[in-house]
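Subject: Structure handover

Hello,

Here is the structure for you to work with. My notes on what was found in it come after the model.

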Amino acid sequence: MTDIAMTVPAREDHRLIRSLTWRDAFWVTSGVPALVLFTIGPIAATAGNISVAIWTASILMGFIQAFTYGEIAGLFPHKSGGASVYGAIGWVRYGKLLAPISVWCNWFAWTPVLAIGVSLGAGYILGVLFAADSVVNTWQFTLVDLGWLRTGLTLRINSTFLLGFVLMLIVFAIQHRGILSTAKLQKIFAVSSLLPLVLIGVVPLFTGDVVSSNFAPFVPLARDAAGNAVNGAWNWPGMVVVAGSMLMAAWSTYGFETAVCYTREFKNPAADTFKALLYSGLFCLAIFILVPLAFQGSLGLAGMLAPDIYSGMGVAKAMAAMVHAGGVMTNVIVVMLVCTLLLSIMTAMAGSSRTLYQGAVDGWLPRYLDRVNEHGAPTRAMWTDLGFNLILLLLSDIVFILAASNVGYIIFIFMNLNSGWIHRIDRKDWARPFRTPDWLLAAGTFLAYVNLVFLGMGADIWGEGTLVTGLFFASLIVPVFVFRHYIQDKGHFPEAMKEDMYLGHEEGAAVRAGMLPYLALLGGCAVVAISHWLASM
C-alpha cells in the first residue's frame with residue numbers, strides 16, 4: 001500500500017493532518033503506564049499476594065498481542081482510529097455488523113478513562129486539602145438510585161464530580177488544539193508526571209522497603225463465611241480470582257495498542273506505526289512490573305486491603321509513603337500523580353475520539369462525528385466523549401464502571417487478534433511493512449480465547465451483573481449502526497469506505513476464509529458461556 005499525501009488543509013476537507021513521527025505518538029501514549037493507578041488498588045485488594053504475578057503475566061500477554069496489531073496497522077497506513085478499525089476491515093466482508101462491533105467495543109472500553117481518571121484525580125486533590133470527614137468530602141446530592149443494577153450504585157453530585165468536571169474541561173481544551181500540539185505538551189507532562197511512577201517503582205527496591213515476606217504465602221486471596229479476607233489456595237475459587245484479576249489488569253496493560261490510533265497522522269506510517277508500538281510496549285513492560293512489585297512489597301497484604309486502596313482514592317498517599325515523603329513532599333507527589341492521571345486522560349481522549357471519527361468516516365457511526373476543526377482535531381467526537389463521560393462521572397462506583405467497560409475491551413481484543421489471520425488469508429499478497437512471525441500470530445490468536453476465559457470466569461467478581469451490563473453496552477451498536485447505515489446512508493457504505501476496505505472487485509483482496517471467521521465467533525461465544533458457568537460451580 002502506498003502512502004497517500006494530504007495536501008489539503010483539514011479545515012477544508014475535514015481530514016486529519018500528517019504531522020507526527022513515532023516519537024510524537026510515543027509521548028501521546030506515554031499516559032498508558034499511568035493506567036496502573038486506575039487498577040492497582042482493586043487488583044491488590046482482590047488478588048492479594050499474587051497481584052505482582054498478575055501484572056507481570058498480563059503485560060507479557062499484551063506485548064505478545066501487540067505484534068499482531070503492528071502487522072494489520074501497516075496494511076492501512078492512510079487510516080486513523082486505531083487497532084479496532086484495522087481489525088474491523090478484516091471482519092467487514094463477513095457481515096456488515098461485525099466490523100462496527102469491534103470499533104464500538106474499543107471506544108466504550110477506552111472512553112471511561114476520562115471519567116475514572118478525573119474522579120481519581122479529584123479524589124487525590126480533595127484528600128490532600130481536606131480531612132476525610134470534612135463536609136467537603138462527605139456532602140452528596142443523589143439524583144437517581146441505581147440499586148436495582150448494583151447495590152449502592154447511584155447517580156450523584158458531590159465535590160468529586162465538580163472538581164472532576166473542571167479537570168475534564170482542562171484536558172478538552174488541550175486536545176482542541178490538535179494532536180501535534182497535544183504531543184508536544186505531553187512530552188512536558190510525561191517527563192514531570194511519570195517521574196513519580198519511576199521513583200515509586202525503583203526507590204523502595206534500593207531502600208529495603210520491599211519485604212520478601214509480603215509475597216508469601218503465594219496464593220490467591222479468598223473470603224471466609226463472614227466476608228473477611230483470608231489467604232486462599234490454588235483451588236477452583238482461587239482460579240476464579242486469578243481470572244477476574246487478569247481481566248482487570250488487561251484494561252491497563254494492553255492499553256499501549258493505542259499507539260496505532262495515529263497511523264493516519266504519521267509522516268511515515270509504514271515505519272512509524274511499528275516503532276511506536278514497540279517502544280511504548282517496552283516502556284509499559286518496565287512500569288507495569290516495577291510499580292506493582294514495589295507497591296505490594298512495601299504495603300503488604302494488610303495495607304493493600306484498606307478500603308481506600310480498593311476504591312483507588314488512597315493509592316496516591318500510599319505511594320507517597322513508599323518513598324518516605326512526608327508533609328509538603330507528600331502533597332508534591334500527590335500533585336505529580338494527579339498530573340500523571342491527566343496524562344492518561346489526554347491519551348484516552350486522543351485515542352477514543354479518533355476511533356469515533358474514523359467510525360463515522362467509514363459509515364459505522366453517525367455522520368456528525370466525521371468533522372475536524374482547523375487544527376485537525378476531531379472536535380465533534382471529543383464533545384461526544386465529554387458528554388458521555390459526564391454521565392459516567394455522576395456514577396458512585398468507578399470500579400464497576402471500569403469492570404463493565406472492560407467487557408467491551410475483551411470483545412475488541414478477541415476480534416482484533418482473530419483479524420490478524422483473516423487478513424493473512426484474504427490479503428495474502430499485500431505488502432506488509434512489518435510481518436509478524438507465524439508463531440507470534442498463532443500465539444496472539446490463542447491468547448484471544450484465553451482473554452475470553454478471563455471474561456467469562458472473572459467478570460462478576462467485580463459485582464453481580466458486571467458481565468451482563470458490559471454485554472448490554474456492546475449490543476447498543478446495533479441501533480446505532482442501523483440508524484447510520486440504513487437510515488442515513490440508505491443501506492450503502494460511503495464510496496471512500498468501499499475503496500479503503502476493498503469491498504469491490506479490486507485486485508489483491510477477496511473473501512477466502514470461508515466459514516472460519518464464523519466458527520471463530522461461535523467458539524468465542526462458547527468459551528465465554530462455558531467459563532461463566534464453570535465459575536459458578
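Two helices meet through a set of residues: Tyr449, Leu452, Val453, Leu455, Gly456 and Met457 on the H19 side, and Ala520, Gly523, Gly524, Val527, Val528, Ser531, His532 and Ala535 on the H23 side. Please keep in mind that this is a predicted model.

Two packed helices are described by the angle between their axes and the distance between the axes. Here the axis of H19 (residues 438–458) comes within 7 Å of that of H23, and they cross at roughly 35°. The crossing of H19 and H23 is right-handed.

The patch covers about 800 Å² and consists of Phe218, Trp234, Trp236, Met239, Ile530, Trp533 and Met537.

A separate site is Ser353, in helix H16 (residues 328–361). Is Ser353 buried or exposed? Ser353 is buried, because its relative accessible area is 0%, and the cut-off for buried is under 20%. Leaving out residues up to four places away in sequence, Ser353 touches Ala348, Pro378, Ala381, Met382 and Asp385.

Regards

Methods: Residues numbered from 1 in each chain as written. Predicted model: local features only at pLDDT ≥ 70, side-chain atom pairs only at ≥ 80, totals over all residues. Heavy atoms only, no water. Patch = residues over 30% accessible without salt bridge, like charges linked within 9 Å, V, L, I, M, F, W, Y side chains within 5 Å. Areas by Shrake-Rupley, 256 points an atom, 1.4 Å probe, with all protein chains shown as cover. Salt bridge = Lys/Arg side-chain N within 4 Å of Asp/Glu carboxyl O. Axes fitted to C-alpha atoms, helices over the stretch in contact; angles between N-to-C directions. Helix = DSSP H or I, 4+ residues; strand = E, 2+ residues; numbered from the N terminus. Left-handed = near helix turned anticlockwise from the far one by under 90°. Contact = heavy atoms within 4.5 Å. Buried < 20%, exposed > 50% of the residue type's maximum accessible area, 1.4 Å probe, protein only.
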